[in-house]
Amino acid sequence: MDSDHFFVRGEMERSIDFDNEEQMERVCGINDRNLPYMEALFGCELFAKGIRLTYTCPDESSTSRLHKVLSRLKDLATVHEHISEAEIFMEYQGLKNTRSVMEIAQNGGSDDLRKPSIIVQSRIAYPKGLRQEKYIHAMEQDQIVFGIGPAGTGKTFLAVAYALSLLLSGKRQKLILTRPIVEAGENLGFLPGDLAQKINPYFHPLYDAMESMASLSTIHRLEENGSIEIAPLAYMRGRSLQNAVVILDEAQNTTVEQMKMFLTRLGEQSTAIITGDISQVDLPRYRISGLVHAMDILQGIEGIEFVIFDSHDVVRSRIVQRIIDAYAIDGESRDKGGQHE
């Protein structure tokens, strides 16, 4: 049996068996370091012995939630060498944001149970909530997709994963990563190295996402043969993009002119995914964000889809979710204060 359960002192105790010690260690972490985090997250006590993980929870709902997450982590452990607190929280958040099977059945459709996923080599990216599901569906169906929302909602990670899946499956011949280079008090000209070395730090988030879905050797091979290209947004001017998937990251820092230039580069066989957070615009105050402007004028155009995330969609960690909410509350109070001045 995969699990057993019984009541102890008014609490429910249950267990889950792993296929082998390596799989269990990946879920529990080295020296069981993931167990205290899961105990705090679910309000349950966990105990590991052999290839069995036993847990005692205060009520049946907590037991059920923890069991579902552990079952999912067990599956993840077959393809992921390390499972971190961040991945545990992503599964927890995904479970919290996803409709129950009963809700889906009441809304009439077994088709809704088949959630979209992104496969890159042997790794699979699953949506961690309804907004991420909508985002993946939009990337599959529309030529231009905007993923807009705060940090930690998975918008860039899923964009990179989907772009890699198109490239490695042969559906697109090239992956182009671009973003506006908005400098924070420094000038690129004063930084050491050639252009690639100067802009490399700006693209680290995109590379982090790529490396979580594909091996380094695969990424280096694709770079060497020109299948993956990185370029500042200014270098996209005058180009015509054919049979390519293009990710424009940090799009809130584009100007209106830059956004128009970028969107008009796309050929019929090209796909664009634009990500950004309109609460973190670094442009001078007198410049309108090209992302904000695009949201105003491009809604309702066939082939263009906007997916708007908020703090409830954050899957990075609980503290990021709280930070975003705190800044939102502070921004609202400042706006109200300004109205009374």
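## Report on the predicted chain

Buried residues account for 46% of the 341 residues in the chain. The model is a predicted one. Its secondary structure consists of 13 helices and twelve strands. The accessible surface of the chain amounts to about 18,300 Å², and carbon and sulfur atoms contribute 50% of this area. Of the contacts between residues at least 6 apart in sequence, 71% join residues at least 24 apart.

### Strand S8 and its partners

Strand S8 spans residues 174-179, and five of its six residues are buried, so S8 is largely enclosed by the rest of the structure. The cut-off behind this reasoning is a relative accessible area under 20% for a buried residue. S8 pairs with strand S10 and is joined by bridges to strand S9. The two pairings are set out below.

| Partner of S8 | Residues of partner | Sense | Bridges | Residue pair |
|---|---|---|---|---|
| S10 | residues 244-248 | parallel | five | Thr178 with Leu248 |

On the S10 side, Leu248 is the bridge partner of Thr178.

### A nonpolar surface patch

On the surface, a nonpolar patch is formed by Ile319, Ile323 and Tyr327, which together have about 350 Å² of accessible area. Tyr327 lies in helix H13, which covers residues 318-340. The relative accessible area of Tyr327 is 63%, and Tyr327 is therefore exposed, the cut-off for this class being over 50%.

How values were computed
Residues numbered from 1 in each chain as written. Predicted model: local features only at pLDDT ≥ 70, side-chain atom pairs only at ≥ 80, totals over all residues. Heavy atoms only, no water. Buried < 20%, exposed > 50% of the residue type's maximum accessible area, 1.4 Å probe, protein only. Helix = DSSP H or I, 4+ residues; strand = E, 2+ residues; numbered from the N terminus. Pairing = 2+ DSSP bridges. Patch = residues over 30% accessible without salt bridge, like charges linked within 9 Å, V, L, I, M, F, W, Y side chains within 5 Å. Areas by Shrake-Rupley, 256 points an atom, 1.4 Å probe, with all protein chains shown as cover. Salt bridge = Lys/Arg side-chain N within 4 Å of Asp/Glu carboxyl O. Contact = heavy atoms within 4.5 Å.
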